[in-house]
Amino acid sequence: MLPSFSPAATAASTPPRPIPGGYGIPVLGPLRDRLDYFWFQGPEEFFRRRAAQHRSTVFRANIPPTFPFFLGVDPRVVAIVDTAAFTALFDNTLVDKRDCLIGPYNPSDSFTGGTRVGVYLDTEEPEHARTKAYAMELLRRSSRVWAPEFLAGVDTMLTAVESDLAAGKEGGASFLVPLQQCIFRFLCKAVTGADPAAESLVDRFGFYILDVWLGLQLVPTQKIGAIPQPLEELLLHSFPFPSIIVKPGYDILYRFIEKHGAEAVAVGVDTHGLTVKDAVNNILFVLGFNAFGGFSVFLPFLVLEIGKPDAADLRTRLRDEVRAALQETGGEVGFAAVAKGRMPLVRSTVYEVLRTRPPVPLQFGRARQDFVLRSHGGEGFAVSAGEMLCGYQPLAMRDPAVFDRPEEFVADRFVGEEGEKLLSYVYWSNGPETEDPALGNKQCAAKDAVIATACMLVAELFRRYDDFQCQGTSFTKLQKRQPS
């Protein structure tokens, strides 16, 4: 049963109380929290311990990056780890989303060619509706080729993985690089009409360029684990990285889109009033940060979760559902095959991965005004204008007040009428799953396309294979489909 609670900022009978927690003394307080976040505890334990310590799902803390070379970055936030209070982050009358995509730290716009791209704009800024409309039109135009281009890329990826697995590579056949190549090529062709094959440099290295471009912007805010501490703190979390490192690669992609995606660029210029420069830079951000970056995180989690050695029963159920549904659509995978209602377990599994492993774990917004932030049961917290709210999704979407067995992966959690009601508490898209992206909100324009794409990947795997297993980002078993 779902709990009944007041909306995130409405009046309630209980008077607001001060937000528990604190920021410590200048320099040392933020530094201590930074070391806990990256080193001693890790992000999830960082939020768990403070919520337990303060006996509250709303509390004050510092969020990295901080001292010593992040000048002008205020790390102080109001952290939120429950579903009820989290909804304040979607209320544009309460929060300003200006320049806070990844928190108090805002990468230089030199990473985006000098353009302040749409995701950094607040809904009250005039350019927001223009750039959001442009992104939504590009997605609408891409719908004709999205599914076939994605599936062609998946075929190429799986052919390469099968070859590596047949060669007997130790540890299995990694799918990460082939998957990223698939994502990059299909997105370029579907969203911009530009085929990377037209330029061998882009085709071979385009996804690497985006990996570096993303990494340089995000590393100061991410726990990496690739090098031992304290070297990670000293080398990766102590200063922002300059865009000059990746500028040559970014310029290659800029020229590629400008030339081979000219029709998509023209839509931005002629229909939405953008300059060529702003149109190309917005395309590259949507393509590289939102789409490529999001899929590169989410799809491996999806494949890994289904391919776990102990998930054989789930795979059997998914395989049977996929093949029954494909019989009704002529055996072809596509948007029609994965439409809502056709593969409920597949769709629920996708949602459950997004609930437990959201590709963007943190969401931010700055309070426009003083207001009372409401949690479960109407408990209120006094928020002051200008304070930064920080919602940590991995805990909010494991809220025991909403989700039964919240720490477990339950593939059929969202199946059926009662299961579908829970979708209003799935926030991966910067808004509830039951709502739609619009010009006046910050919800992901490609929300529905992401779900359909993930469902198509699962469907294609079970159309092609009777079973598979994964370890890390490698397939260790691919059992080809046997004739019936």
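Arg17 is partly exposed, with a relative accessible area of 28%; buried means under 20%, exposed over 50%, and partly exposed in between, computed with a 1.4 Å probe on protein chains only. The model is predicted: local features need pLDDT of at least 70, side-chain atom pairs count only at pLDDT 80 or more, and totals for chains, interfaces and linings use all residues. Residues are numbered from 1 along each chain as its sequence is written, and side-chain values use heavy atoms, with hydrogens and water left out.

Arg17 lies in the segment before α1 (28-40). Helices (H or I, at least four residues) and strands (E, at least two) are DSSP runs, numbered from the N terminus. Leaving aside residues up to four places away in sequence, Arg17 touches Arg55, Ser56, Glu379, Gly380, Phe381 and Ala382, where contact means heavy atoms within 4.5 Å. Arg17 and Pro400 are 383 residues apart along the chain, and their C-alpha atoms are separated by 23 Å.

Gly380, one of the residues touched by Arg17, is the bridge partner in β7 of Arg374. Strands β6 (residues 371-374) and β7 (residues 380-383) run antiparallel and are joined by 4 bridges; two strands pair if DSSP finds at least two bridges between them. The two strands form a hairpin with 5 residues between them, and Gly377 in the turn has a positive phi of about 70 degrees.

## The five-stranded sheet

An open sheet of 5 strands has the order β1-β2-β8-β5-β3, with mixed pairing. Strands β1 (58-62) and β3 (95-96) stand at the edges with a single partner strand each, so one side of each has no neighbour in the sheet. Helix α2 (residues 43-54) packs on the sheet and touches β1, β2 (76-80), β5 and β8; the direction of α2 makes about 130 degrees with that of β1. Axes are lines fitted to C-alpha atoms, for helices over the stretch in contact, and angles run from 0 to 180 degrees between N-to-C directions.

Within the sheet, β1 and β2 run antiparallel and are joined by 5 bridges, with Arg60 opposite Val78 in β2. Strand β1 is largely enclosed by the rest of the structure, because 5 of its 5 residues are buried. Val58, Arg60 and Asn62 point one way from β1, while Phe59 and Ala61 point the other way. Strands β5 (residues 362-367) and β8 (residues 388-392) also run antiparallel, joined by 5 bridges. Phe364 stands opposite Cys390 in β8.

## Helix α13

Helix α13 has 13 residues and reaches 18 Å from its first C-alpha to its last, close to the 18 Å expected at 1.5 Å a residue; the expected span is 1.5 Å times one less than the number of residues. Of the 13 residues of α13, 12 are buried, so the helix is largely enclosed by the rest of the structure. The buried residues of α13 pack against α11, α12 (312-327) and α16 (447-464).

Ser348 belongs to α13 and counts as buried, at 1% relative accessibility. Not counting residues up to four places away in sequence, Ser348 touches Ala411, Asp412, Arg413, Phe414 and Val415.

## Helix packing

Two packed helices are described by the angle between their axes and the distance between the axes. Helix α11 (residues 276-306) and helix α13 (residues 344-356) pack at about 115 degrees, with axes 10 Å apart. Their crossing is right-handed; a crossing is left-handed if the near helix is turned anticlockwise from the far one by less than a right angle, and right-handed if clockwise. Phe298, Phe301, Leu302, Glu305 and Ile306 of α11 make this contact with Thr349, Val350, Val353 and Leu354 of α13. These residues divide into 7 nonpolar, 1 polar and 1 charged, where Ala, Val, Leu, Ile, Met, Phe, Trp, Tyr, Cys and Pro count as nonpolar, Asp, Glu, Lys and Arg as charged, and the others, Gly among them, as polar.

The angle between α13 and α16 is about 115 degrees, and their axes are 9 Å apart; the crossing is right-handed. Val346, Arg347, Val350, Tyr351 and Leu354 in α13 meet Ile451, Ala454, Cys455 and Val458 in α16. This contact has 8 nonpolar residues, no polar and 1 charged. Helix α4 (residues 126-142) packs with α11 at about 60 degrees, with axes 11 Å apart.
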